[in-house]
Structures are given as structure tokens and as C-alpha cells.
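Please keep the sequence and the model at hand while reading.

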Amino acid sequence: MIRIAICDRIKSDRNRIVTFCKTYMNDKKIEYEIREYASGETLLVEVFPDVLFLDAEIGVIDGILVKEILYKMHAQTKIVFVSKQVDCMRFAFGKNVYAFIDKPIDYPVFCENMSMIWNDVMEERNSIYCKKNHEYERVSLFDVMYIKACGRYTKLFLKEEGEYRLSDKSFGEWYV
């Protein structure tokens, strides 16, 4: 399931993106949850979404500040700014910002951005960060042959013969 948030003070703009989200997700047969917010303040008290469609001008806590707060809280939320405030564009970009789209958004542009985001979300969900030589690297779970308990940690043995990575997850945490 993918959690989507739409944060815009204008209800009709939120409705347009909700409609696009529902159409896209239903066509792709993706489970989803959509939440709407009229201000940055209400968004930030909730659980972080996977995807956030965000207007730059949304109230006391504007979209740029929401982006900065999410970054400082290490949220992995993928952000698409949808705004008429083109002068804010240079402040909008940063970590996890995928696009800045001028309002009103149209469906083909929405689909292009959503496809890119969905691919990244799926890649992240099928990966884990593991230690190799005192540094962390991203390992695709599709490359893991088996997992072996190693004290409080686990060793992930990869398809490459003899290669393994150390994970700080215990063996029990892998059981789903």
C-alpha cells in the first residue's frame, strides 16, 4: 500500500489531485490511502506519507518549510510541488523533491511523475541498508540468497558466491 497526502489550501485543487490519484492507482491496481490537508500544520502532526503533493503557499507553515521539516526529521516522503508560486521554485528543490508543477496540473504530467515515484518507492521497499567495510550500502532483497543469524545481527548472503552483508536486524525481525 502507498500512502499519499495532498496538502493545498484550495479544496478544488486537492480534489483534482485526489481524482488523478484514484484513477492512476485503480488503473495500476495499486492499494492506496489518500489524506487531504489544507495546511502544513495539520500535515506535520500525522504519520509521514510515502508521497506528498504540496502547494508552496499553504499557510503559516508554507510548503517550503514543510519540505525542510520533513528533511530534518529524516522522512523519506517523495514530494511533488504543485503550485502557482513559480518564484518559490528555486527554494522548493532538494532531497526527495521530484518535481515542481505549475497549477493547474494535468493528468499526463501527473502520470509521468507518479510513475517515477512509484518505481522508486517499490525499489526502496525491496531494499535494505547493510554494512560493508564500515560503510552502509543499499542491497536489493532480490540479490539475497539466504539469511543467517549472527548474534544480535544477521548476515545476508548474496547471489555472488561468498559475498555477504551484515544487517543490524535480528533474525526474528526478518520473519514476516
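## Basis and terms

Contact, as used below, means heavy atoms within 4.5 Å. This is a predicted model, in which local features need pLDDT of at least 70 and side-chain atom pairs count only at pLDDT 80 or more, while totals for chains, interfaces and linings use all residues. Residues are numbered from 1 along each chain as its sequence is written, and side-chain values use heavy atoms, with hydrogens and water left out.

## Glu57 and its partners

Once residues up to four places away in sequence are set aside, Glu57 touches Arg9 and Gln85. Glu57 is located in the loop between strand S3 (51-54) and helix H3 (63-72), where helices (H or I, at least four residues) and strands (E, at least two) are DSSP runs numbered from the N terminus. With a relative accessibility of 37%, Glu57 counts as partly exposed; on this scale buried means under 20% relative accessible area, exposed means over 50%, and partly exposed lies in between (1.4 Å probe, protein chains only).

The side chain of Glu57 makes polar contacts with the side chain of Arg9, at 2.8 Å, and with the side chain of Gln85, at 3.3 Å. A polar contact is a pair of N or O atoms within 3.5 Å; within protein, one must be able to donate a hydrogen and the other to accept it, and residues adjacent in sequence count only if both atoms are side-chain atoms. Although Glu57 and Arg9 are 48 residues apart along the chain, their C-alpha atoms are separated by 7.8 Å.

Asp50 lies in the loop between H2 and S3 and is buried, with a relative accessible area of 15%. Leaving out neighbours within four places in sequence, its contacts are Met1, Ile2, Arg3, Gln76, Thr77, Lys78 and Arg125. Met1, in the segment before strand S1 (2-7), touches Glu31, Tyr32, Glu33, Asp50 and Arg125, again not counting residues up to four places away in sequence.

The side chain of Asp50 reaches the backbone nitrogen of Arg3 at 2.7 Å. The side chains of Asp50 and Arg3 also meet in a salt bridge (3.8 Å, N to O), a term for a side-chain nitrogen of Lys or Arg within 4 Å of a carboxyl oxygen of Asp or Glu. Asp50 lies in the loop between helix H2 (40-44) and S3 and Arg3 in strand S1, so the pair ties together parts that are 47 residues apart in sequence. Arg3 counts as partly exposed, at 31% relative accessibility.

## Other salt bridges

By this rule the count comes to 13 salt bridges. In one of them, Arg35 pairs with Glu46, the closest N and O atoms being 2.5 Å apart. Because Arg35 lies in strand S2 (residues 32-37) and Glu46 in the loop between H2 and S3, this pair ties together parts that are 11 residues apart in sequence. Arg35 is partly exposed, at 37% relative accessible area, and Glu46 is partly exposed as well, at 30%.

Lys78 forms a salt bridge with Glu124, with 2.8 Å between the closest N and O atoms. Lys78 lies in strand S4 (residues 78-83) and Glu124 in helix H5 (residues 107-125), so the pair ties together parts that are 46 residues apart in sequence. Lys78 is buried, with a relative accessible area of 1%, whereas Glu124 is partly exposed at 31%. Elsewhere, salt bridges that share partners join Asp8, Asp13, Asp55 and Lys103 into one network.
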